[in-house]
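Walk through this protein model step by step. Keep the sequence beside the picture and find each residue as it is named.

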Amino acid sequence: MFRVLIFFMSILPAYCFAYNKPILGPYETFSLEEGNVNFVARIDTGASNSSLHAFDMQVVGGASKRKKDDIGKMLRFSTDNRDGKRVELRAPILGVSSVNNAQGTESRYIVELTLNFAGDARKVKVNLRDRSHMNFRMLIGRNWLEGHYLVNVQQLPVIGARAPIHIVESDLTYDARIDTGAVENSLHATHIHIHDADKDSMKNNVGKLVTFTTANERGQSAEVTTRIADTSLIRNAQGSEIRYMVELILGEPGKEYKVLVNLRDRTKMRQKLLIGRNWLEGHYLVDVDK
């Protein structure tokens with residue numbers, strides 16, 4: 001059963017969010033039911049039909065001069081995967097496709113095969129060709145994808161509703177809440193001291209040094225000094241407030257990158273770091289079941 005993935009990808013148009021479809025990456029592991037053999041398949045939205053590596057193709061009873069005259073006959077052929085598993089298969093020829101590529105035009109036999117991805121097994125038309133010199137011996141085209149899947153060409157990693165997030169400047173790791181409803185990240189900060197502060201205008205403090213204390217859920221604390229990058233108007237159930245924003249380097253340990261974070265006292269909150277969309281967009285899919 002597929003988990004529902006909530007994703008934020010600037011390269012996808014907004015109407016994609018209306019579809020409750022699972023997401024495939026640029027390549028996935030499929031099994032060919034007829035031969036019980038697995039392939040790492042290229043997901044190709046540019047191809048109308050799926051394609052399978054095939055060799056030793058023989059038309060039972062003899063091939064005709066024109067491939068189209070073989071439609072309806074039985075085809076015997078072999079396939080193998082990158083792991084060296086080889087199977088011999090038989091299937092009736094349903095049609096012949098003409099494919100244009102860099103090498104010119106070629107005709108391929110079309111048969112019907114059952115392609116299975118994570119329990120989703122469906123019969124579709126598949127054209128056969130020798131793909132031994134190609135990186136992928138199976139290609140998944142639109143005839144298997146349509147109406148069932150979205151394709152994420154970035155192969156974004158998945159993060160759960162909570163995750164360990166490390167902040168380089170504090171050298172602390174937080175049990176962070178991943179909040180797709182929040183625009184920005186928010187970090188627990190107390191004892192906020194602005195160097196040479198303008199007490200009348202928060203905007204006038206942008207660009208100045210700020211020192212604050214932060215702590216994670218385990219009570220480990222650190223003092224951080226950095227520059228105020230901006231201010232942010234935050235609206236919530238309690239009303240609205242303006243918070244200072246700083247740039248910090250944060251992420252899963254070893255995968256940190258710089259992003260804006262607003263500062264607030266989160267003493268009464270369970271999670272001391274909240275991760276919003278400005279950290280997630282273009283980098284992660286969120287799986288609330290994870």
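Lys 203 is exposed, with a relative accessibility of 51%. Exposed means over 50% relative accessible area, buried means under 20%, and partly exposed lies in between (1.4 Å probe, protein chains only). Lys 203 forms a salt bridge with Asp 230, and their closest N and O atoms are 3.2 Å apart. A salt bridge here is a side-chain nitrogen of Lys or Arg within 4 Å of a carboxyl oxygen of Asp or Glu. Where do the two partners sit? Asp 230 lies in strand β20 (residues 221–236), and Lys 203 lies in the loop between β18 (190–194) and β19 (209–215), so the pair ties together parts that are 27 residues apart in sequence. Strands are DSSP runs of E with at least two residues, helices are runs of H or I with at least four, and both are numbered from the N terminus. Asp 230 itself is partly exposed, at 29% relative accessibility.

A word on the source. This is a predicted model: local features need pLDDT of at least 70, side-chain atom pairs count only at pLDDT 80 or more, and totals for chains, interfaces and linings use all residues. Residues are numbered from 1 along each chain as its sequence is written, and side-chain values use heavy atoms, with hydrogens and water left out.

How confident is the predictor? pLDDT is its confidence in each residue, from 0 to 100. The chain has a mean pLDDT of 89, and 90% of its residues reach 70 or more. Over residues 1–19, though, the pLDDT is below 50. Beyond near neighbours in sequence, this stretch has 39 contacts in the model. A contact means heavy atoms within 4.5 Å.

Back to the charged side chains. How many salt bridges does the structure hold? There are 10. One of them joins Asp 70 and Lys 73, at 3.3 Å from N to O. Asp 70 is buried, at 0% relative accessibility. Lys 73 is partly exposed, at 27%. Another salt bridge joins Arg 122 and Asp 120, at 3.2 Å from N to O. Arg 122 is buried, at 16% relative accessibility. Asp 120 is buried too, at 17%. Salt bridges also link Glu 106, Arg 108 and Arg 129 in a network.

Now look at the strands. Two strands pair if DSSP finds at least two bridges between them. Three strands form an open sheet in the order β6-β7-β8, with antiparallel pairing. Which strands stand at the edges? They are β6 (55–59) and β8 (86–92); each has a single partner strand, so one side of each is left without a neighbour in the sheet. From one strand to the next, the twist averages 15°. Such angles run from 0 to 180 degrees between N-to-C directions, and the axes are lines fitted to C-alpha atoms, for helices over the stretch in contact. β6 is joined to antiparallel β7 (residues 74–80) by 3 bridges. Gln 58 stands opposite Arg 76 in β7.

Next, find β22 (residues 257–264). Strand β17 (residues 185–188) runs parallel to β22, and 4 bridges join the two. Ser 186 stands opposite Asn 262 in β22. Strand β21 (residues 239–251) pairs with β22 in the antiparallel sense, over 6 bridges. Val 246 has Val 261 in β22 as its bridge partner. What do β21 and β22 form? They make a hairpin, with 5 residues between them. In its turn, Gly 254 has a positive phi of about 90°.

Terms used:
pLDDT = per-residue confidence, 0-100.
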